[in-house]
Amino acid sequence: MKFRKASAAAAAAAALALTVTACGGDGSTDDSAGDGSGTGKITVGIKFDQPGIGLKEPDGSFSGMDVEVAKYVAGELGYDEKSITFKETKSADRETALQNGDVDFIIASYSINDERKQKVDFAGPYFLAHQDLLVRADDTSISEATDLNTKNLCSVTGSTSAQNVKNDFAKDAGLVNRGGYSECLGALQNKVVDALTTDDSILAGYAAQDQYKGKFKLAGLNLSNENYGIGVKKGSDLTAKINEALEKMVSDGSWQKVMDETFGPAGYEFEPAPKIGELK
Amino acid sequence: MSSVLYDTPGPKARVRNIAYTVVFLALLIAGLWWAIAQLAEKGQLEWALWEPFTRLPAWETYLLPGLANTLKAAALSMVIALPLGALFGIARLSDHAWIRVPAGAVVEFFRAIPVLILMLFAFQFYAMNTGISSEQRPLYAVVTGLVLYNASVLAEIVRAGILSLPTGQTEASKAIGLRKGQMMTLVLLPQAVTAMLPAIVSQLVVIVKDTALGGVMFGFTELLNSRQTLAANYANVIPSFLVVAVIFVLLNFLLTSCASWLERRVRRGKKSSGPLAPTEPGGGLQTAGAVPARGGNSETVSGP
Amino acid sequence: MFDFLEGYDLLGAFWVTLQLTLLSALFSLVWGTVLAGMRVGPVPLMRGFATAYVNIVRNTPLTVIIVFTALGLADVYGVTLGAGDFDSQYFRLAVFGLSAYTAAFVCEALRSGINTVPLGQAEAARAIGLSFTQVLTLIVLPQAFRSVVGPLANVLIALTKNTTVAAAIGVAEAALLMKEMIENEAQLVLIAAVFAFGFVVLTMPTGLLLGWVGKRVAVKR
């Protein structure tokens, strides 16, 4: 076992150089099948782990309302489906991803609010959701938010929905934090918590998953209005173009079709398409 | 089966041992049965939750890319930390106080700080001061944290390895007129590296285990983190968790076995005399399958 | 210069870190000693169990163990460890996970200590008719403990640092507070320096003190 310092160092340096260059080149470019036409690509930020909104399917494709809207908008901007690269933008990363130019725009259950508006521009809104509660199907003890005072809530680390409920409606509610919604659903199913709160559009997607069908229901409380917008870099000229695309999507009926197909099976009664630039 | 700690069991002791075995076995089975019954009661053993793991997509889309990222972060960290660690380990042995003291301070400092603190710092540092994309940032943060910590651990391993060499080696190289640099690169390091190889491989286990921290704390898409996306699809939190745990154990078990194999080889090669002689059975109590302590051994406990 | 600390309970967070460390140290020492006893004992099944336990636990990331205490023990098995609210439940679960993990390293350290006890000690003990339990608890372990103060100190230091993993299940210890602070405040380097200093204060004295104790109690041979 001969092991000399010089050769070891050289090998290490070579391996290092190789890996570093390899690192710069990969990322998620494998999603965009290179057709070599060079007509340009567009990168869209979506969620990867929210059924009905944005989900990375087992076969590597993407599904959900946000994905369909993204495809339509990109199509109007002159990009076919093949030239769209989807990137995961987690809630906490969205503003930075736009500011750094990692993505061209973001459709990821991204609610328009004043704090975010200071950092990024929004096109839309394209969807109006409400904060709601998901409870066990056989649980009749929760009919309004104040009922939660004696109950336990589950929330996802980094999300403010549960904290809002606690601050505004039920000060004495217990609060559990989990890494993702599916972990919260496990806790809900096993009666460790009594409700999971976030936007009804997201909750509906989970409730409609095969494994959870019939086990959960939406409480139907409109705790807040969430106007989903399409985030773009501050000052970008994309905003106007995306707004045009969204208007066309509503007027030609594609919007209704996408939403019916996505939320129909879940039995989720979504609000009609909001007017561009009008926040509720 | 006899050991120095107890006599070969006679008839009475044999009966007693059998009694212990039966009681312990009953306890084990009861515990295991409870664990499985609870899982079944909560519907976690339904085939629909496990079935995805028998098909390719779950592996291709989530687990294997996650595992690849785990291995990539671990390999990068080791490759960068090793030369850095060697440098600091040698610097701590320098004749010049102005090299020795700062190197020692740096090493002791980074050994005293949790690797998670280092990762959190690196993550935010890159976000604020560099143009590294949000997608690459978790990898950079994990690797930076692991390099800072493990380079200082490896520095100690290297230093211990060099110090464990017989003084005759140094004296002999001085006698034939080697300069300090030559003595280090031609005589001391090659022997020390061979002796320390098992400890270095063991450290790789620590690194692999630590990568999981980045997945939970800031979204590095390694194995544990990919499990979450997988569970969002198949609604199988517990099954996916168990599968990932088994992958981690198998991977690390492979590395640990590799380390002990290397150690056996190294020890066999050095039978006559040399640095490892003190750890040879020297009249101490040898229990079944015991691995005597080696220079860097205590360090390998350091990570989560 | 340090006004960014206002509004954050820094001492409280480090107090939780310290509590996690001390409680886990206690439980892991007890459980690790039991494991070591099983591992060198005469009952093959217990030996096998302890060996398997150590090998599996040492090769599992602590993060996986800690997250499992929340997703598995709390959510599926309904383990509350007698806690009334979620905060204390997750604190106790974190102590449980840390102890289960650290015990494997305590066991290994002790076993290497047992290996340093001279053969003659155990042989003499057996010759005067002591049973295995007596040999272990009266003769071998007392000497083994004295020779492994150093390695055990390393395990304790590692444990102190490992308590940060409890942040993964939302236990409000130092690392979680640091994460919150660097997300909200701009003084990244200062914040990191404060937390680094906190851990240096916690770990350095442990090493020095136990190093001194180790030298004092070492069996001269």
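**Entry: one glutamate in chain B.** I looked up B:Glu263 and found it in helix α10 (residues 237-269) of chain B. Helices here are DSSP runs of H or I with at least four residues, strands are runs of E with at least two, and both are numbered from the N terminus. Is B:Glu263 buried or exposed? B:Glu263 counts as buried because 21 other C-beta atoms lie within 10 Å. The cut-offs, with C-beta atoms placed from the backbone, are 20 or more other C-beta atoms within 10 Å for buried, 12 or fewer for exposed, and partly exposed in between. I also checked B:Ala195: its C-alpha atom is 8.0 Å from that of B:Glu263, although 68 residues separate the two along the chain.

**Entry: ground rules.** I am working with a predicted model, where local features need pLDDT of at least 70, side-chain atom pairs count only at pLDDT 80 or more, and totals for chains, interfaces and linings use all residues. Residues are numbered from 1 along each chain as its sequence is written, while chains are lettered from A and ligands numbered from 1 in the order in which they are written.

**Entry: helix α9 of chain B.** How many residues of α9(B) are buried? I found 12 of 12, including B:Arg227, B:Gln228 and B:Tyr234.

**Entry: annotated segments of chain B.** The unreviewed UniProt entry gives "transmembrane region" for residues 18-36, 73-93, 105-127, 139-165, 186-208 and 237-262 of chain B. UniProt positions are in the numbering used here, feature names are shortened, and annotations may be inferred rather than shown by experiment. I looked at two of these stretches. Residues 105-127 of chain B are 91% helix and 0% strand, with end C-alpha atoms 28 Å apart. Residues 139-165 of chain B are 93% helix and 0% strand, with end C-alpha atoms 38 Å apart.

**Entry: a sheet in chain A.** I found an open sheet of 3 strands in chain A, ordered β2-β3-β4 with antiparallel pairing. Its edge strands are β2 (49-50) and β4 (62-63) of chain A, each pairing on one side only. Strands pair if DSSP finds at least two bridges between them; β3 (residues 54-56) and β4 of chain A have 2 bridges. Across from A:Lys56 I found A:Phe62 in β4(A).

Entry: Chain C has 9 helices and 0 strands, and its C-alpha atoms fill a box of roughly 70 × 45 × 30 Å along the principal axes. Of its 221 residues, 48% are buried. How many residues of chain C are in contact with chain A? I get 7 residues of chain C against 9 residues of chain A, where a contact means C-beta atoms, placed from the backbone, within 7 Å. The chain C side divides into 4 nonpolar, 1 polar and 2 charged residues. Nonpolar covers Ala, Val, Leu, Ile, Met, Phe, Trp, Tyr, Cys and Pro, charged covers Asp, Glu, Lys and Arg, and the others, Gly among them, are polar.

Definitions and conventions
Two residues are in contact if their C-beta atoms, placed from the backbone, lie within 7 Å.
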